[in-house]
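Subject: Structure handover

Hello,

Please find the structure below. My notes on it follow.

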Amino acid sequence: MKRFEIIQPDILKLYGSVSHPINRYLCISHHKHVLEAMMKLSDNECLYLAAMLHDISTYLGIRGTHAHKSAQYAKDFLEKYQLFSNEELQLIYDVIYYHSDKDKVHFHEAELLKQADKDAHHLEDILNMYDN
């Protein structure tokens, strides 16, 4: 079984712990859209996990710069599984850490998460137009 398949149910439980129902819905919806966009861009399961956790601090109400707080949360969350090398954990951390810094070009994997996040926001904007 792939590591992603082992961890994904626990991430979904984490989403379920978001206290406010609207925030819980937004958390699930946005991360789902980013994951779907990432799956079109890459086959790297570390990037899939980054996509699923990139905004988690916002939805859990953790104060501070959301990209930086989410990066640390993701690293701490994933370390407990002991399924990732230090390099993979650092990649996930860095990709999430830089995903909101849209004005600067970073390394390839960070740019993939930025693109997936942008694609998801674009899709969500279109869907919201039809809801109104």
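At what angle do helix 1 and helix 3 pack, and how far apart are their axes? Helix 1 (residues 3-16) and helix 3 (residues 45-53) pack at about 0°, with axes 11 Å apart. Axes are lines fitted to C-alpha atoms, for helices over the stretch in contact, and angles run from 0 to 180 degrees between N-to-C directions. Helices are DSSP runs (H or I, at least four residues), numbered from the N terminus. The two helices are therefore roughly parallel (angles under 35 degrees).

This is a predicted model: local features need pLDDT of at least 70, side-chain atom pairs count only at pLDDT 80 or more, and totals for chains, interfaces and linings use all residues. Residues are numbered from 1 along each chain as its sequence is written, and side-chain values use heavy atoms, leaving out hydrogens and water.

On the cysteines: the structure holds zero disulfides (a disulfide is a pair of cysteine sulfur atoms within 2.5 Å). Cys27 is buried at 0% relative accessibility, and Cys46 is buried at 3%. Buried means under 20% relative accessible area, exposed over 50%, and partly exposed in between (1.4 Å probe, protein chains only).

On the aromatics: the whole structure has six aromatic pairs (ring centres of Phe, Tyr or Trp, its six-membered ring, within 6.5 Å; planes under 30 degrees apart are stacked, over 60 edge-to-face, the rest tilted). One of them, Tyr93 with Tyr97, is stacked, at 5.6 Å and 25°. Tyr93 is buried at 18%, whereas Tyr97 is partly exposed at 27%. Tyr93, Tyr97, Tyr98 and Phe107 form one aromatic cluster.

Regards

Conventions
Parallel < 35°, antiparallel > 145°, perpendicular 65-115°, else oblique.
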